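Welcome! Here is a short tour for anyone meeting this structure for the very first time. Please take a look at the view below, then read on.

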Amino acid sequence: MAPTTHLALINVFIGDIQGGLGPFLGTWLAEAGSWSPARVGLVTTLVGFGTLLLSGPFGALVDRVGRPRLLIAAACTAILAGTLLLLPARAFAFVFTAQLLAAAGGTLLLPAVTALTLGIVGKDRFPGQQGRNQAFNHVGILIAAGAITLGTARFGSAIAFWVLGLMAVLAIAAALTTPASAWSQRRAVGWTEPGGEDGAEEAPQRAGIRAVLGDRRLLVLACALTLFNLGSGGMLSLLGQKLVATAVSATHWTAIYVMVAQLTMVPVALFSGSLADRRGRRKLLLAAFAVLPVRAALSAFVDDPTWLIAAEILDGVASGIVGVAVPVVVADLTWGSGRTQTALGTVNAVQGIGGALSAWYGGLAFGLLGWTGAFLALGAPALAALALVIWFDATPEPGRRSLRRQARTLHPAT
């Protein structure tokens with residue numbers, strides 16, 4: 001089996017598990033434990049902040065250890081254990097501990113899979129392969145959501161746990177059976193292979209962490225993604241809780257929304273992987289950030305669960321683009337430093353602040369403003385993220401300010 005086939009299988013199987021129960025967590029706790037939106041938001045926020053402390057170190061671990069297959073298997077095991085522990089959980093402390101274990105595994109997955117991909121296909125083929133990775137990832141989520149939708153009527157909302165468990169086991173098997181010889185650590189970080197043009201035998205010195213993480217473009221990208229996730233992170237979970245409050249079959253409709261979003265992400269991810277080279281990373285990010293406020297408005301003013309499908313189509317567009325563009329941009333900015341996964345983990349940590357705050361922010365907004373105001377409040381940060389990417393040079397491509405500086409240099413005023 002070709003190494004890229006293993007990449008496809010890994011991404012199919014981790015698609016459903018890397019976020020743990022994801023949007024089903026709020027629905028499960030609301031139905032099984034009668035948790036309020038504010039309480040769901042609090043535990044999600046605390047777990048999110050706990051994983052922030054792990055994201056950067058986990059990225060550095062991937063860079064240093066150089067065994068992404070083993071790290072992927074370990075991450076999936078943690079997600080499986082943490083999620084299954086939620087089944088009997090009702091007390092706040094128990095739910096928090098179980099969810100933190102699952103979230104820690106999900107935090108490790110992204111840099112590990114990115115390192116495995118770069119070490120197999122190399123930098124030049126990475127944008128296209130990242131698009132395919134994300135497409136397979138969303139196919140996996142779609143398969144799992146379909147199984148949950150069909151199984152809910154017979155087995156209840158607990159079916160989400162068993163589907164996730166099966167996917168985790170299959171992901172572990174796919175990672176451990178990937179041929180070790182297909183992966184090169186030098187290829188994964190942009191170092192010349194031994195015996196190459198410069199005759200390099202020893203691994204080059206890694207760049208200093210401060211030099212890598214101090215890149216202004218990386219900082220701006222992280223800030224913009226933080227704002228994006230502040231708006232996006234808790235939106236579907238809040239929507240599921242809204243459906244519970246209106247006596248609609250929340251688990252059923254949440255599964256449908258997940259399926260619609262993931263079905264949309266498949267072609268979007270493939271298209272984004274191709275456009276990343278042909279049209280540039282910046283335009284992709286601008287499109288993703290522009291979509292979120294529209295999604296928030298639809299969620300705020302539309303009550304019919306059928307019409308709310310349109311909002312989740314927009315979620316698929318935004319998330320599909322971000323999933324492809326961010327690792328590609330981070331690789332662009334750090335290539336050859338030996339710190340690519342460290343940077344990716346750090347960016348994830350910073351943007352995770354937004355994701356961790358999102359559920360709490362949405363729950364607080366609901367308490368003050370009701371359902372409509374809560375969704376509008378979630379849409380506002382995306383406008384700030386859009387302005388940030390428009391104004392600052394957050395990718396390797398020249399932005400508006402750089403182009404103006406270049407124009408002044410080539411055509412100085414006389």
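Lys-123, Asp-277, Arg-281 and Asp-332 are linked in a network of salt bridges, a salt bridge being a side-chain nitrogen of Lys or Arg within 4 Å of a carboxyl oxygen of Asp or Glu. This is a predicted model, in which local features need pLDDT of at least 70 and side-chain atom pairs count only at pLDDT 80 or more, while totals for chains, interfaces and linings use all residues. Residues are numbered from 1 along each chain as its sequence is written, and side-chain values use heavy atoms, with hydrogens and water left out.

**Salt bridges**

- The structure holds six salt bridges.
- One of them joins Lys-123 to Asp-332, with the closest N and O atoms 2.6 Å apart. Lys-123 sits in the loop between α5 and α6 and Asp-332 in helix α14, so this pair links distant parts of the chain, 209 residues apart (helices, H or I of at least four residues, and strands, E of at least two, are DSSP runs numbered from the N terminus).
- Asp-332 counts as partly exposed because its relative accessibility is 22%; buried means under 20% relative accessible area, exposed over 50%, and partly exposed in between, using a 1.4 Å probe and protein chains only.
- Asp-277 pairs with Arg-281, and here the closest N and O atoms are 3.0 Å apart. Arg-281 has a relative accessible area of 9%, which means that Arg-281 is buried.
- Arg-295 and Asp-315 also meet through their side chains in a salt bridge, at 3.3 Å from N to O. This pair links distant parts of the chain, with Arg-295 in helix α13 and Asp-315 in helix α14, 20 residues apart. Both Arg-295 and Asp-315 are buried.

**The chain as a whole**

- The chain has 16 helices and zero strands.
- Of its 414 residues, 57% count as buried.
- Contact means heavy atoms within 4.5 Å. Among contacts between residues at least 6 apart in sequence, 81% join residues at least 24 apart.
- The accessible surface of the chain comes to about 16600 Å², and 67% of that belongs to carbon and sulfur atoms. Accessible areas come from the Shrake-Rupley method with a 1.4 Å probe, and for residues only the protein chains shown count as cover.

**Nonpolar cores**

- A nonpolar core is a set of buried Ala, Val, Leu, Ile, Met, Phe, Trp, Tyr and Cys residues joined through side-chain atoms within 4.5 Å.
- The largest core has 57 residues, and those with the most contacts inside it are Leu-225, Tyr-257, Phe-289, Val-330 and Phe-375. Among the elements that give two or more residues to this core are α6 (126-155), α10 (216-232) and α15 (340-391). Helix α15 provides the largest share, 14 residues.
- Leaving aside neighbours within four places in sequence, Val-330 is in contact with Leu-218, Leu-221, Thr-340, Ala-343, Leu-344 and Val-347.
- A second, separate core has 43 residues, including Val-62, Ala-168, Ala-175 and Val-328.

- Helix α7 (residues 159-176) has 18 residues and reaches 27 Å from its first C-alpha to its last, close to the 26 Å expected at 1.5 Å a residue. The expected span is 1.5 Å times one less than the number of residues in the helix.
- Buried residues of α7 include Ile-159, Phe-161, Leu-164, Met-167 and Ile-172.
- Helix α4 (residues 68-84) has 17 residues that should span 24 Å, and its end C-alpha atoms are 24 Å apart, which agrees.
- Among the buried residues of α4 are Pro-68, Leu-71, Cys-76, Ile-79 and Thr-83. The cover over the buried residues of α4 includes α1 (3-14), α3 (37-65), α5 and α7.

- Thr-114 is found in helix α5 (residues 92-121) and counts as buried, at 3% relative accessibility. Leaving aside neighbours within four places in sequence, Thr-114 is in contact with Phe-126, Gln-341 and Leu-344.
- Gly-233 lies in the loop between α10 and α11 and is partly exposed, at 48% relative accessibility. Gly-233 and Gly-354 are 121 residues apart in sequence and 7.5 Å apart in space, C-alpha to C-alpha.
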